[in-house]
Structures are given as structure tokens and as C-alpha cells.
Amino acid sequence: MDEPLLLSVPLEAKGQRLDHFIAGHVPDVSRSRLQELIQAGSVLLEGRSAKPSARLKGGEKVTLDVPPPRELNVLPQDIPLDVVYEDSDLLVVNKPQGMVTHPAPGAWEGTLVNALLHHCKDLSGIGGVARPGIVHRLDKDTSGLLVVAKTDLAHQSLSAQIAAKTARREYRAIVHGVMATDAGRVEAPIARHPSERVKMAVVPGGREALTHWQVAEAFRDATLLDLQLATGRTHQIRVHMAHLGHPIVGDPVYGPAKVPFPVKLSGQALHAFRLSFDHPRTGARMTFEAPVPERFEALLRYLRSR
């Protein structure tokens, strides 16, 4: 906000909590962010600081001063983005294979976040920082759809939908071998591999992980699967498919070292093809689809031609 916001408390708001009252007037700021602002003294009740739980009497004046978001210490870069949908609250992008989602040691530039910081001119701040809200990630060599929040409200809502499993994330993958049944589920806990620290593995006592799969097309020695994530663990689909004995074709970590097909792959044949969620502001159900990329389609053409 450029200037402090002055709110008059109506008499009918008597007994309401201070943070609840403000939340009804500034929906773009999350409840947790409001509580931080109140604790920091950016909210004044009758000219004095107050607790988030302070009960209103009616007739008071509330002043809210939201400081401008701090700049994120990440370089904006003019990197082309395949934007499937965008509005003032969020955007949906089709991430290419080979792009890292978030900056990390060894990959501070060329990431999706670098590209988003250049593309988005209307970030209102997530937790007080001018950054895109990465709600879920895709591995570097996994392509497909990602939803990104622009506001605190959108970030809180989308994160809650993923946690509550009301957001739906569907994938396509080509795996080695032929499945014994047409559909199934893998419910196996995932944790860091006990000896190979760059890998994840099915480990007793690990974090709960559930993947649903269904055969979309069967070939002589490979299968096209549709998969749905019920949880979102690191490398979940890749680990679960390898655990079943059907690793994803082209997976350099969990699959065979050599791909037995004469099609060039630069990573696993895994694509996030469909994404559904409720819009954080309107509540409308939104569904997006992205076709598999050419390298994935080329492998399918080869498998179908034999």
C-alpha cells in the first residue's frame, strides 16, 4: 500500500477480533501476514499497538500500514516462458524439461523463479517479500504445468488446497516393462536414501507417499501411464515406479543407465499434463492441460511403430 489504510470499526463489529476484522477489509494479505504486521506495530488501534486477538468495542479507528515488499535477492532474467494462464492472483506455466524450478546452490540463474521475476510486474509480496509463490515444484528434467501465486492470499489458498488434496495434479509417464494390471496404487513411505544422499528411496518410517496410476497405452516392453499424486514428496513418482520394478524411461537416477530405444532423451519421460484447483479469489474450479513435449511424443511414435 502506498499510504496507510484507515478503517472505521462499525458498532456491529463489537466483540470481533482485530485480525479478523482487518482480514475482511484487506483480502490480499493473508491472516498470518496480518498477525506479523500487528506484532511489528504496523497496525494501530486508536493510535496504539494491539494484539491480533484484541476484541473490538465498535466505533474505533484502525490504521494499517503495509510496508512495500522487500526485494528478493535473485536476479530477474529475460527467459521465455510458456504462460498457459495469468491474472492478478496467479499464473500457470508449462515448464520445459531442463529448467530448475527454484534457485539453489549450483543453479542460481536460469531457473523458473529468475524468469518469473522478470515476467511478473505485479507481485504484491509473499510474506513481505516480492517473490513468486512457488506452491509445488517439478524436477529439473520433468516438464509440465505449475501454478504460481502472485499474492499472499493466493499462496495461502493454493498451499492449503495441495495439503488438503483438493488440488489435482496429473502426470503422464512412459515406464519400462508391461504392468500386471490396468490400474493400481503405490503407498510406500519415502525418505532420503540411506547411503546415496542425492537419491530418495522407499524407507520404512519415511514420509507418507501415495501415487495412483492407470495404464493409458501398453507396448511390447514399455507402458504409457496416467498418474495422480495424492502426496507431493521429492521424486515421488520416479521413486514409486522404480519401487514397482517399472522405472521411468530415461530416468538417469532411478532407471537403467542405458535407454533401450533409439530415441534421444535428455531426462525422464515424465510430464505434468493436467492441473486442477479452485481459484483463490473467485472459488471457480480451474483445469489446465499441456500436451506432452516433442521428445516424449517422439518416443511414443517409435513405440507405436514397432
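This report describes the overall build, a sheet, a helix, the salt bridges and one loop lysine of a predicted model.

## Overall build

The protein chain contains six helices and 18 strands. Along the principal axes, its C-alpha atoms fill a box of roughly 75 × 40 × 40 Å. Of the 306 residues in the protein chain, 47% are buried. Among contacts with a separation of 6 or more, 65% are between residues 24 or more positions apart.

The accessible surface of the protein chain is about 15100 Å², and carbon and sulfur atoms account for 51% of that area. There are 37 positive and 33 negative side chains, with the centres of the two sets 6 Å apart.

An open sheet is formed by four strands in the order 1-4-2-3, with antiparallel pairing. Strand 1 (5–8) and strand 3 (48–49) are the edge strands, each pairing on one side only.

Strand 2 (residues 43–45) is joined to strand 3 by two bridges in the antiparallel sense. At this pairing, L45 has R48 of strand 3 as its bridge partner.

## Helix 3

Helix 3 spans residues 112–119, and six of its eight residues are buried, so the helix is largely enclosed by the rest of the structure. The buried positions are L112, V113, N114, A115, L116 and L117.

## Salt bridges across the sequence

The model has 16 salt bridges, counting a side-chain nitrogen of Lys or Arg within 4 Å of a carboxyl oxygen of Asp or Glu. One of them joins R238 and D139, with an N to O distance of 3.0 Å. R238 belongs to helix 5 (residues 236–243), while D139 sits in the loop between strand 9 (133–134) and strand 10 (143–149), so this pair ties together parts that are 99 residues apart in sequence.

R238 has a relative accessible area of 5% and is buried. D139, at 21% relative accessibility, counts as partly exposed, because the buried class is limited to values under 20%.

E289 lies in strand 18 (residues 285–289) and R274 in strand 17 (residues 270–278), so the bridge ties together parts that are 15 residues apart in sequence. R274 is partly exposed, at a relative accessible area of 23%. Both residues take part in a network of salt bridges that links R168, E170, R274 and E289.

Another salt bridge is made by the side chains of R285 and D278, at 3.2 Å from N to O. R285 counts as partly exposed at 43% relative accessibility, and D278 likewise counts as partly exposed, at 26%.

## Lysine 199

K199 is located in the loop between strand 13 (190–192) and strand 14 (200–202). With a relative accessibility of 17%, K199 counts as buried, because this value is under the 20% limit.

Apart from neighbours within four places in sequence, the residues in contact with K199 are R192, H193, V253 and Y254.

Terms used
Residues numbered from 1 in each chain as written. Predicted model: local features only at pLDDT ≥ 70, side-chain atom pairs only at ≥ 80, totals over all residues. Heavy atoms only, no water. Buried < 20%, exposed > 50% of the residue type's maximum accessible area, 1.4 Å probe, protein only. Contact = heavy atoms within 4.5 Å. Areas by Shrake-Rupley, 256 points an atom, 1.4 Å probe, with all protein chains shown as cover. Lys, Arg positive; Asp, Glu negative; His and termini not counted. Charge placed at Lys NZ, Arg CZ, Asp CG, Glu CD. Pairing = 2+ DSSP bridges.
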